[in-house]
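Subject: Structure handover

Hello,

Please find the structure below, for you to open alongside this message. My notes on it follow.

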Amino acid sequence: MSKLWGGRFTGKTDPIMERFNNSLDVDRVMWSADIAGSVAYATSLEAAGVLSAAEAGQIREGLGKVREEWASGAFVVKEGDEDIHTANERRLTELIGAVGGKVHTGRSRNDQVVTDLRLHLRSVCAELATELAGLVTLAAKRATAEVDLLMPGYTHLQSAQPVRWSHWMLAHAQAWRRDHGRLVQAAERMNECPLGSGALAGNPFGVERESLASALGFARPTANSMDAVSDRDFVVELSGWATLLMAHLSRFAEDIIVFSTQEFGFVKCGDSYSTGSSLMPQKKNPDAAELLRGKANRVLGHHTALLAMIKGLPLTYNKDLQEDKQALFDSLDTVQAALKITSGVLATLQPAAARMRGALNSFMLATDLSEYLVRKGVPFRETHHVAGRAVQLAEERSCALTELSVADLQSLHPLFGDDVLAVWDFDASVERRDSIGGVSKRRVLEQADALAAWADAAA
């Protein structure tokens with residue numbers, strides 16, 4: 001089959017250029033979307049009187065056979081199939097003859113490829129949204145089951161206040177819920193149909209674009225033909241979404257890496273998501289978590305490349321845009337795998353309850369000590385200094401904060417009474433933090449229930 005664009009050329013394309021120009025290895029995943037777009041476009045051409053009913057029927061039937069070949073793995077790629085559009089049209093023409101060439105009437109690969117891409121990404125986004133909702137469900141269920149486990153909470157990677165293990169899990173789940181919301185919003189913005197825009201100036205054959213958009217499940221046709229064929233905002237937006245999601249998964253992974261060290265010992269990673277050392281027999285490495293952290297960099301790199309690609313392009317279509325798919329598809333494949341791995345890591349993670357509770361230290365109750373005086377009517381700024389002096393006193397004596405006597409505390413402020421000893425209780429400390437979003441048991445369970453209900457509705 002001659003090239004779709006070859007009419008004005010007489011010279012033969014350099015074989016190196018043939019390979020350099022070929023994108024089928026990347027865009028072949030859009031075979032189903034490409035066929036769906038061509039079926040709908042043939043129907044629109046029939047409605048516009050460009051194709052007879054018989055011709056449109058032949059084209060639809062032929063495309064159905066092409067679809068079956070792709071689905072069964074029987075489709076044979078041939079020399080000259082430089083992209084998925086060329087391959088499908090070449091095979092259609094082989095099956096039904098010259099009438100197959102009429103399917104491209106008034107259509108350019110410029111509007112065809114961006115339509116295929118939006119159709120393909122729509123299904124990918126739906127799959128990713130399901131994966132994300134499942135991950136949030138898993139976190140919510142574990143949080144409910146393990147709500148009584150306490151652990152240190154950290155700021156600046158220094159122990160800060162006691163929190164619930166479940167609260168830590170749900171903190172990550174909240175980020176994943178936001179990721180889900182951004183994905184849904186990006187998919188909604190992407191759901192406009194460029195088909196019928198032609199190369200850049202629109203379609204001259206009376207194709208009804210609103211009907212075409214509806215037939216393909218789009219919310220509306222794009223509003224400007226020049227913008228339609230050159231717009232890759234949705235590609236950059238999905239890439240940015242993937243970058244932020246991977247940053248969130250990387251933060252989760254970093255926590256796991258730190259918490260699974262012998263020095264922390266808060267968790268044990270499941271054998272299914274760990275590896276050993278080729279030299280040191282004792283090693284159990286959190287490789288799944290480390291790869292999540294490492295692959296975040298890869299997705300970030302793709303996002304940077306896409307932004308660099310579009311920033312200097314003149315309107316409208318330029319061949320540079322062929323590179324959008326390799327970057328985005330790899331990012332989304334990475335994200336899909338990363339979500340499955342994260343779910344596996346979280347599902348098999350074993351918390352070391354005694355080790356986490358043993359890591360709680362008395363100085364983590366210094367804030368509670370200051371709040372004791374607040375409840376006695378002392379301004380917080382003053383109580384903060386008093387508690388700080390108590391910490392200093394304990395450090396000077398090389399003792400725990402809880403080892404200071406009532407008399408010691410009264411030397412710092414006269415309103416300390418015998419009941420101050422009740423402050424030295426980690427369980428009571430977390431229960432006092434009972435505001436919405438706090439670490440008390442009822443608030444954590446309330447949060448877990450809300451996330452589980454949200455995920456169930458989102459699935």
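Helix α3 (residues 31-47) and helix α5 (residues 84-96) pack at about 60 degrees, with their axes 10 Å apart, and are therefore oblique to each other. Oblique is what remains once angles under 35 degrees count as roughly parallel, over 145 as roughly antiparallel and 65 to 115 as roughly perpendicular. Axes here are lines fitted to C-alpha atoms, for helices over the stretch in contact, and the angles run from 0 to 180 degrees between N-to-C directions. Helices (H or I, at least four residues) and strands (E, at least two) are DSSP runs, numbered from the N terminus.

This is a predicted model, in which local features need pLDDT of at least 70 and side-chain atom pairs count only at pLDDT 80 or more, while totals for chains, interfaces and linings use all residues. Residues are numbered from 1 along each chain as its sequence is written, and side-chain values use heavy atoms, with hydrogens and water left out.

Back to the helix pair: W31, D34 and I35 in α3 meet I84, H85 and N88 in α5, contact being heavy atoms within 4.5 Å. By class, this contact has three nonpolar, two polar and one charged residues. Ala, Val, Leu, Ile, Met, Phe, Trp, Tyr, Cys and Pro count as nonpolar, Asp, Glu, Lys and Arg as charged, and the others, Gly among them, as polar.

Next, the cysteines. How many disulfides are there? The count is zero, a disulfide being a pair of cysteine sulfur atoms within 2.5 Å. For C193, the closest cysteine sulfur is in C125, at 16 Å, which is too far for a bond. C193 is buried, with a relative accessible area of 0%, and C269 is buried at 9%. Buried means under 20% relative accessible area, exposed over 50%, and partly exposed in between (1.4 Å probe, protein chains only).

The remaining notes concern the backbone in loops. From L315 to T316 the peptide bond is cis, with omega near 10 degrees; T316 lies in the loop between α11 (287-310) and α12 (323-348).

L157 is not a glycine, yet its phi is positive, near 60 degrees. It sits in the loop between β1 (150-155) and β2 (158-164), and L157 is exposed, with a relative accessible area of 56%.

S398, also not a glycine, has a positive phi of about 55 degrees. S398 belongs to the loop between α15 (380-397) and α16 (406-410) and counts as exposed at 70% relative accessibility.

Regards
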